[in-house]
Amino acid sequence: VYITLQFVPGALDIQITWGLPYENSRRVLLVGNSHTYYNGGVDNHLELLLAEAAPDWNVQVSSVTMGGATLQDHLQDPNTIYTIETGDWDLVILQEQSTRPMSDPDLFFSSATALHNIIRQSGALTGLYMTWERSNYPEMYLPMRDAYNYLGAVLDGLVIPAGQGFHHALELYPGLNLYDSDFSHASLQGTY
């Protein structure tokens, strides 16, 4: 999703587009863990934002999440596979456990690729939800960014660069409170 905020005198203009080939994605599934369900769920916040900004789109966003889950866990979970295969999704967005792309990139790539194949067989497109570095471990940023961007290129999948957004926002505005007290999960401001 491309969200453009433009400040104009007396108002805030919000333009939302998916971009090709995602522009007709109206049924979206997020597959992940607590980074997806924290603060009421990225799915709920995204659906509310889209309903406000583009009500005629009638976007439905759902999620399948498990605390601490890796994509390998989701690959082995019959509920996740059933939800992907039977949900008539346009776009399925995968979120890996927060350190796996850096600590075990081969397992990240193989699990995401296997899920990508299931997603494609179901008729949906694949997206990758890039998470962010931990506030007490900023060295995570580059390996995380590179792993998600590499995998997105290999799978020809959409990369949602939340991790890059976190990183750049904190570079520009170091006083932002984007993290929960555990140094890992997003605060409500970070979720947005």
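A: L158 lies in strand β7, which covers residues 158-160; strands, like helices, are DSSP runs numbered from the N terminus, a strand having at least two residues (E) and a helix at least four (H or I). The model is a predicted one, in which local features need pLDDT of at least 70 and side-chain atom pairs count only at pLDDT 80 or more, while totals for chains, interfaces and linings use all residues. Residues are numbered from 1 along each chain as its sequence is written, and side-chain values use heavy atoms, with hydrogens and water left out.

L158 counts as buried because its relative accessible area is 11%, where buried means under 20% with a 1.4 Å probe and protein chains only. Although L158 and Y129 are 29 residues apart in sequence, their C-alpha atoms are 8.6 Å apart in space.

A cavity here is a set of points on a 1 Å grid over the protein atoms alone where a 1.4 Å probe fits but cannot get out, and its lining residues have an atom within 4 Å of a point. The protein has 1 cavity of 30 Å³ or more, and the largest cavity has a volume of about 40 Å³, volume being the space filled by probe spheres set on the points. Its lining divides into 5 nonpolar, 4 polar and no charged residues, where Ala, Val, Leu, Ile, Met, Phe, Trp, Tyr, Cys and Pro count as nonpolar, Asp, Glu, Lys and Arg as charged, and the others as polar.

Turning to the helices, α6 packs with helix α7 (residues 141-155) at an angle of about 35 degrees, their axes being 11 Å apart; the axes are lines fitted to C-alpha atoms over the stretch in contact, and angles run from 0 to 180 degrees between N-to-C directions. On the side of α6, the contact (heavy atoms within 4.5 Å) is made by F108, F109, A112, T113 and H116, which meet A147, Y148, Y150, L151 and L155 of α7. By class, this contact has 8 nonpolar, 2 polar and no charged residues.

Helix α6 (residues 105-121) also has a meeting with helix α4 (residues 78-86), where the axes come within 8 Å and cross at roughly 35 degrees. In that meeting, I81, I84 and E85 of α4 face L115, I118 and I119 of α6, so that by the class definitions the residues divide into 5 nonpolar, no polar and 1 charged.

H167, found in helix α8 (residues 162-172), is buried because its relative accessible area is 16%, and it touches E133 and Y141, leaving aside residues up to four places away in sequence. T99 sits in the loop between β5 (91-94) and α5 (100-103), and at 19% relative accessibility it too counts as buried; with the same exclusion of residues up to four places away, T99 touches R134 and M140.

Among contacts with a separation of 6 or more, 69% are between residues 24 or more positions apart.

How values were computed: 1 Å grid on protein atoms, 1.4 Å probe; cavity = no way out; pocket = protein on both sides within 12 Å on 5 of 7 lines; lining within 4 Å. Buried < 20%, exposed > 50% of the residue type's maximum accessible area, 1.4 Å probe, protein only.
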